[in-house]
Amino acid sequence: MFSHCAAGSSLFASKGILPSTALRTAIVSSGNREEHVICVAFETRHTVSSDGATLALLPLIAFARKVRTVQAGWQKTGGFCMKVILAQPRGFCAGVVRAIDTVERALAHGDGPVYVRHEIVHNRHVVDDLKAKGARFVEDLADVPNGAVTIFSAHGVSHSVEEEARSRRLNVVDATCPLVSKVHKQGQRYSSLGRTIILIGHAGHVEIEGTLGRIPGPVYLVENGEDVANLDIPDDTPVAYITQTTLSVDDTRSTIEAVKKRFTDVIGPETRDICYATQNRQTAVRDLCRHVELLLVVGASNSSNSNRLREIGSECGVPSYLVADGSEVDLAWFAGVATIGVTAGASAPDVLVQDVLAAIGKAGPIEIETLDGVEEKITFRLPPELLEAS
Ligand code: SF4
């Protein structure tokens, strides 16, 4: 990353900082901030002229103490520096950003208390942060006073929940992710064509409860090929499959194949309809697992997509752990490990990734890099109720 510079090296040596080779290696803990400081020191080194006449001493001396700290840690570990590789992309998707923005905008609007049905996204840190800002989270609409501002979470709700809100005259702002709404519409369209719906997803997940409650005709929930084989409907029934958004193309492939193999008249959405964020994060973690000896997935235990990322790590043969934040990192995991991969579920904020990096740094100096991957530029418009109100 940094080229050798003789003038810079002797300057550093004369200031008692570090030989340049050591500096190259000792990119150190506590997340991006210290890493940035070291990088600036390198940049400064390259501003030194060959005769040493134009020395940028002030910034160098300012960085010297920090660099010595780095050196001390580096020497303590016998010069060993763990590499941490971040997956790209990782963390927040467009649907999660939109859902959190929705709550924050509703709070800023200031028209009385703001109720949110279910965790707006599956992350305790995000929920606690919004609670601290005034949001009130409920699982049941019965706990919302008539007429109050009520936000539906990114996972979507059933038709009956929507009806209940309407009958109670709740002031609803629907933060259902547009990609979840798209699955609802697919199911409704297939159902209106007289087809029996096969929904591929996890029983009990809040998104699945919402989707099941959105489709008027017969719907069967399956998780795998075995469930498909056990469906108690004739093989010539016209069927259509739809999928939970936190399952990727790879996750659903074998189940869809089982549906197509068993039934004679099957239709389903194009592959491109699968949630881009789920697919991108899973592809990135598979790629990451080719380069690391251990994987940490930052995410909540009730986050379906985070759990799936951890499972993929294990399927790739890499010891994989799901951690909510740095406090759940066990340094014993790193014994004999030189390269650690880190990713984050779609509902995990970057502040938690930084917290986990800082926790890893307690094991010794670390060098952080990001694997090449997809740069996501997708954004979703805020719910129309908010746009109309602003
Ligand atoms: S993971 Fe996909 S479907 Fe779920 S909120 Fe994010 S963008 Fe929407």
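## Two loop residues with positive phi

Arg 169 is found in the loop between α7 (159–167) and β5. In this predicted model, Arg 169 has a positive phi of about 55° although it is not a glycine. Is Arg 169 buried or exposed? It counts as exposed, because it has 10 C-beta neighbours inside 10 Å, and the cut-off for that class is 12 or fewer.

His 118 also deserves a look. His 118 lies in the loop between β2 and α6, and its phi is positive too, at about 70°, although His 118 is not a glycine.

## A cis peptide bond

Another backbone detail to check in your viewer is the peptide bond joining Gln 88 and Pro 89, which is cis, with omega about 0°. As for where Pro 89 sits, its place is in the loop between β1 and α5 (94–109).

## The parallel sheet

Now to the strands. Strands of a sheet pair through backbone hydrogen bonds, either parallel or antiparallel. In this open sheet of 4 strands, the order is β3-β2-β4-β5 and the pairing is parallel. Which strands stand at the edges? They are β3 (136–138) and β5 (171–174); each has a single partner strand, so one side of each is left without a neighbour in the sheet. From one strand to the next, the twist averages 30°.

Within the sheet, strand β2 (residues 114–117) and strand β4 (residues 149–152) run parallel and are joined by 4 bridges.

## Helix α14 and its cover

Helix α14 covers residues 350–361, which makes 12 residues. From its first C-alpha to its last it reaches 17 Å, close to the 16 Å expected at 1.5 Å a residue.

Which residues of α14 are buried? They are Leu 352, Val 353, Asp 355, Val 356, Leu 357, Ala 359, Ile 360 and Gly 361. What covers the buried residues of α14 includes the strands β1 (82–86), β10 (294–298), β11 (320–323), β12 (339–344) and β13 (366–370), along with helix α6 (124–132).

Technical notes:
Residues are numbered from 1 along each chain as its sequence is written. This is a predicted model: local features need pLDDT of at least 70, side-chain atom pairs count only at pLDDT 80 or more; totals for chains, interfaces and linings use all residues. Two strands pair if DSSP finds at least two bridges between them. Axes are lines fitted to C-alpha atoms, for helices over the stretch in contact, and angles run from 0 to 180 degrees between N-to-C directions. The expected span of a helix is 1.5 Å times one less than its number of residues. A residue is buried if 20 or more other C-beta atoms lie within 10 Å of its own, exposed if 12 or fewer, and partly exposed in between; C-beta atoms are placed from the backbone. Two residues are in contact if their C-beta atoms, placed from the backbone, lie within 7 Å.
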